[in-house]
Amino acid sequence: MSQPDQSLAEGVCDVESGICALPGDSAPLPGASAGTPAPEVGLTRITYVTDPICSACWILEPAWRSLTERYRDLVDVHHVYGGLLRGWQGFHDAGNGIRRPEDVAHHWDEFAQLSGQPINSSVWWSDPIDSSYPPSIALAAVRRLAPAQEEAYLRRLREELFLDGRNIAAPELLEALVVELGLDVASYRRLIENGEAESEFERDLVRTHELGARGFPTLILEGPDGRVVLHGWIQPDRLENTFLTVSGATRRPLISSIDDATERLGTGTSLEYAALTGHSVTEVEELLAQAGATSRPVGKGKAWSPKPRKTP
């Protein structure tokens, strides 16, 4: 891979701002979308600048999943992967006291405590991630192979990392998740080996720069009634209200039924289920347990898996 500008190479996450920032001076987002075509009539385009190891993006998941599950037919989502961590060689973030992978674990624990979204930070002690580029390239391959599965693949990567503490830069894990989603693994390998996936990711790095996105998550919402840019992890109400403003859509109800919620979310944290249903965390945990969902501890929180549905 050709090396991008160092300003796009690696960054860290700030607890106060809720942003995983790239180093370098901040740059304003352009007034237009840097070559992005207008959204389809009736749809709101959401350009989501992110990275698979971005902890602030993981904390956004309750708001993000609540919005996309309830308004999926009204949004056109495009992910852009900006390359949060090229590698550790020469890396030093004095402001956040991060010199080594182990330092990230403490940083993630702070994010979890502040947000309530549980994080398993053990990967930074047991099997540190050397770079976020391999999972980003894998995501680019899935985009080329099966665009409709890209978001599901990204979610599974985040579950493996933030819930299970696994190194998502490991090639065998990246390929196993391709198989899990039922995709053609031979075609996936070909995209990785012939460099097409890498080239796709390089275009995302350029796109991140063109958009002026200096941190993750950055959400650019463009709809019939306007355009708004959001930075950092935000509360579900703010994300939904922004979407309604630019889309002109009518507000939809929350998914109060736990059965419906588990059908939509599958594996999810207590906070994600609370955001989708409108119940408190305590209430939603009681309802999930009553519905037969199984939980497992993640940090100081819980992740839930729905009760398997009987096949006819």
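## Arg65

Arg65 is buried, at 10% relative accessible area (buried is under 20%, exposed over 50%, partly exposed in between, with a 1.4 Å probe and protein chains only).

Setting aside neighbours within four places in sequence, Arg65 is in contact (heavy atoms within 4.5 Å) with Arg155, Leu265, Thr267, Gly268 and Glu272.

## Ground rules

This is a predicted model, where local features need pLDDT of at least 70, side-chain atom pairs count only at pLDDT 80 or more, and totals for chains, interfaces and linings use all residues. Numbering starts from 1 along each chain as its sequence is written, and side-chain values use heavy atoms, leaving out hydrogens and water.

An open sheet of 3 strands runs in the order β8-β10-β9, with antiparallel pairing (two strands pair if DSSP finds at least two bridges between them). β8 (268-269) and β9 (294-298) sit at the edges with a single partner strand each, so one side of each has no neighbour in the sheet.

β8 pairs with β10 (residues 301-305) over 2 bridges, in the antiparallel sense. Thr269 has Ala303 as its bridge partner in β10.

How values were computed: Helix = DSSP H or I, 4+ residues; strand = E, 2+ residues; numbered from the N terminus.
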